[in-house]
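Below is a briefing on the strands, helices and one annotated site of a single chain. The notes follow the structure and are grouped by topic.

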Amino acid sequence: MDSESFKECGKTVIDYIANYMDNIRDRPVLSTVEPGYLYKLTPSEAPVKGEHWKTVLADVENVIMPGITHWNSPQFHAFFPTANSYPAIVGDMLCNGIGCIGFSWITSPACTELEVQVMNWFGKILDLPKEFLNESEGPGGGVLQGSASEATLVCLLAAKDRATKRMKTFNPSMEDGEIKAKLVAYTSDQSNSSVEKAGLLGSMPMRLLETDKDGRMTGPILAKAIAEDLAKGLIPCYVVATLGTTGTCAFDCLETLGPICNENNIWLHVDAAYAGAAFILPEYRHLMAGVQYADSFDVNLHKWLLVNFDCSAMWVKNATYLVDAFNVDRVYLKHSYQSQDPQIPDYRHWQIPLGRRFRSLKMWFVLRLYGVEGLQAHIRKQMNLAELFGKLVEQDPRFEIVMPVTMGLVCFRLKGNNILTKHLYERLMNSGQIYLVTANVRSQLVIRFVVCSRLTEEADVRFAWNEIQRQADAVSGTVAV
Ligand code: PLP
């Protein structure tokens with residue numbers, strides 16, 4: 001493809017994307033294809049001769065779109081939001097166009113320095129303690145990871161290295177392997193699956209602690225687990241506290257967890273993947289009280305903050321723990337501006353891969369084109385729509401709301417036996433008008449309604465509620481409990 005064809009094709013694709021977004025309401029949110037559908041529509045060998053881009057683009061509609069679940073449809077209410085905005089798409093296009101790999105400062109100074117800058121901007125927007133910022137006196141700083149999952153793993157590995165080195169200072173004769181085999185991590189049984197996975201990948205047992213009646217991990221719960229493990233000769237190393245759990249958006253109690261972690265030299269990582277976005281609103285910042293005790297903090301801009309996947313903002317109070325844990329030097333990676341100054345980091349030491357995308361470009365576009373007020377208005381609007389949905393549920397005596405409506409999430413169910421809610425959910429999935437997922441709250445099956453798309457309006461919320469009521473009518477008529 002030469003540059004003239006690229007311009008023509010690129011403009012056509014931009015039109016296609018804009019039309020897709022403008023008309024996304026008309027597409028069924030859930031795909032109706034059967035497994036294996038795509039293998040039937042595509043050849044089993046790659047083309048020998050190059051094709052025209054128009055042929056490929058036509059296949060996007062014919063082959064790809066039938067198998068798409070439309071995550072940005074206003075009828076998508078499953079999981080959590082996945083961000084999508086034009087400014088982010090434009091930033092990502094530039095990232096791809098420039099195509100640099102900014103693993104060290106010298107490999108693209110703009111890539112590193114823009115990331116430092118936007119992470120400082122965003123840290124201030126969230127009102128994080130200044131120790132987390134690159135511009136603070138200390139060794140703190142922010143970095144963009146691809147996902148909250150990676151952030152949790154990266155911090156686990158850094159915590160492991162820190163704990164091992166620390167134990168060695170007290171017990172120089174102990175082998176690294178001997179120490180590492182005794183390290184233990186803790187999180188709640190409500191934390192995201194990625195936290196448990198980080199334990200598996202990082203070879204550290206991750207204890208899933210039972211939460212209190214509100215789905216929260218608290219200081220006393222953690223203290224009990226630590227005491228049990230210390231009695232067994234184990235070494236508590238890492239705690240992942242969640243602000244906004246995936247199931248019910250519960251907030252672990254940082255104010256009581258934090259001091260315990262700090263006193264026991266346990267790395268405290270805060271996973272605020274979804275709900276952290278709400279801290280751009282001053283009225284929600286009380287929910288991160290105790291963040292000053294944390295060693296690391298992560299929030300996904302690719303969930304609720306309009307930056308397309310992947311963009312996960314992670315801050316650490318002391319980046320030297322990352323650099324010490326992940327520093328592998330080769331002569332070809334050296335450059336004359338290498339330094340310990342967190343303001344010109346070599347970000348390859350802060351992450352798992354060597355290569356890295358210019359992710360901060362899309363974040364920069366979003367922060368500049370929306371402004372803080374634009375992002376705040378977006379979050380407020382989505383929360384208000386969830387409140388509206390909650391009020392509609394409350395007006396129907398067949399239903400109950402199981403946890404307080406919070407952060408754009410409503411957990412509701414049909415009153416009575418779980419089987420009713422199960423049947424309702426099955427009917428909703430079969431009808432495919434809206435997409436929701438379920439969760440378990442204190443052995444009750446609930447359906448989660450989340451306002452996900454930036455395109456969702458009041459009419460879409462009412463549409464979803466009408467569909468739920470319609471299917472509930474059918475459930476009441478057919479299910480005997
Ligand atoms: N943590 C929480 C609380 C989440 O809700 C999720 C995803 O929904 C994750 C982590 C995983 O995020 P990612 O896909 O960025 O790894």
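Gly 141 stands opposite Val 316 in S7, within an antiparallel pairing of S1 and S7 that spans 5 bridges. Two strands are taken as paired if DSSP finds at least two bridges between them. Helices (H or I, at least four residues) and strands (E, at least two) are DSSP runs, numbered from the N terminus. The model is predicted: local features need pLDDT of at least 70, side-chain atom pairs count only at pLDDT 80 or more, and totals for chains, interfaces and linings use all residues. Residues are numbered from 1 along each chain as its sequence is written.

**Strand S7**

- S7 also runs antiparallel to S6, joined by 5 bridges, and the partner of Asp 298 there is Met 314 in S7.
- In S7, 5 of 5 residues are buried, that is, 20 or more other C-beta atoms lie within 10 Å of the residue's own, against 12 or fewer for exposed and partly exposed in between, with C-beta atoms placed from the backbone.
- Ser 312, Met 314 and Val 316 point to one side of S7, while Ala 313 and Trp 315 point to the other.
- In a regular strand the side chains alternate between the two faces of the sheet.

**The seven-stranded sheet**

- The open sheet has 7 strands in the order S1-S7-S6-S5-S4-S2-S3, with mixed pairing.
- S1 (141–145) and S3 (206–209) are the edge strands; each has a single partner, so one side of each lacks a neighbour in the sheet.
- From one strand to the next the twist averages 20 degrees, where axes are lines fitted to C-alpha atoms, for helices over the stretch in contact, and angles run from 0 to 180 degrees between N-to-C directions.
- S2 (183–188) and S4 (235–242) are parallel over 4 bridges, with Leu 183 opposite Ile 235 in S4.
- Helix H5 (109–125) lies across S1 and S7 and runs at about 105 degrees to S1.
- Helix H6 (148–170) packs on the sheet and touches S1, S2, S4, S5, S6 and S7, at about 155 degrees to the direction of S4; contact here requires C-beta atoms, placed from the backbone, within 7 Å.

**The site at Lys 303**

- An unreviewed UniProt entry places "modified residue: N6-(pyridoxal phosphate)lysine" at Lys 303; UniProt positions are given in the numbering used here, feature names are shortened, and annotations may be inferred rather than shown by experiment.
- Lys 303 lies in helix H11 (301–304) and counts as buried because it has 24 C-beta neighbours inside 10 Å.
- Beyond four places in sequence, the contacts of Lys 303 are Phe 80, Pro 81, Thr 82, Ala 83, Ala 273, Tyr 274 and Ala 277.

**Helices H4 and H13**

- H4 (86–98) and H13 (360–394) pack at about 145 degrees, with axes 7 Å apart.
- Residues of H4 in this packing include Pro 87, Val 90 and Leu 94, and those of H13 include Trp 364, Phe 365 and Tyr 370.

**The four-stranded sheet**

- A second open sheet has 4 strands in the order S8-S9-S11-S10, with antiparallel pairing.
- Its edges are S8 (399–401) and S10 (437–441), each with a single partner strand, so one side of each is left without a neighbour in the sheet.
- S9 (409–414) and S11 (444–450) pair antiparallel over 4 bridges, and Leu 409 stands opposite Val 450 in S11.
- H13 packs on this sheet, touching S8, S9 and S11, at about 15 degrees to S9.
- H14 (418–431) packs on the sheet, touching S9, S10 and S11, at about 35 degrees to S11.

Definitions and conventions. Two residues are in contact if their C-beta atoms, placed from the backbone, lie within 7 Å.
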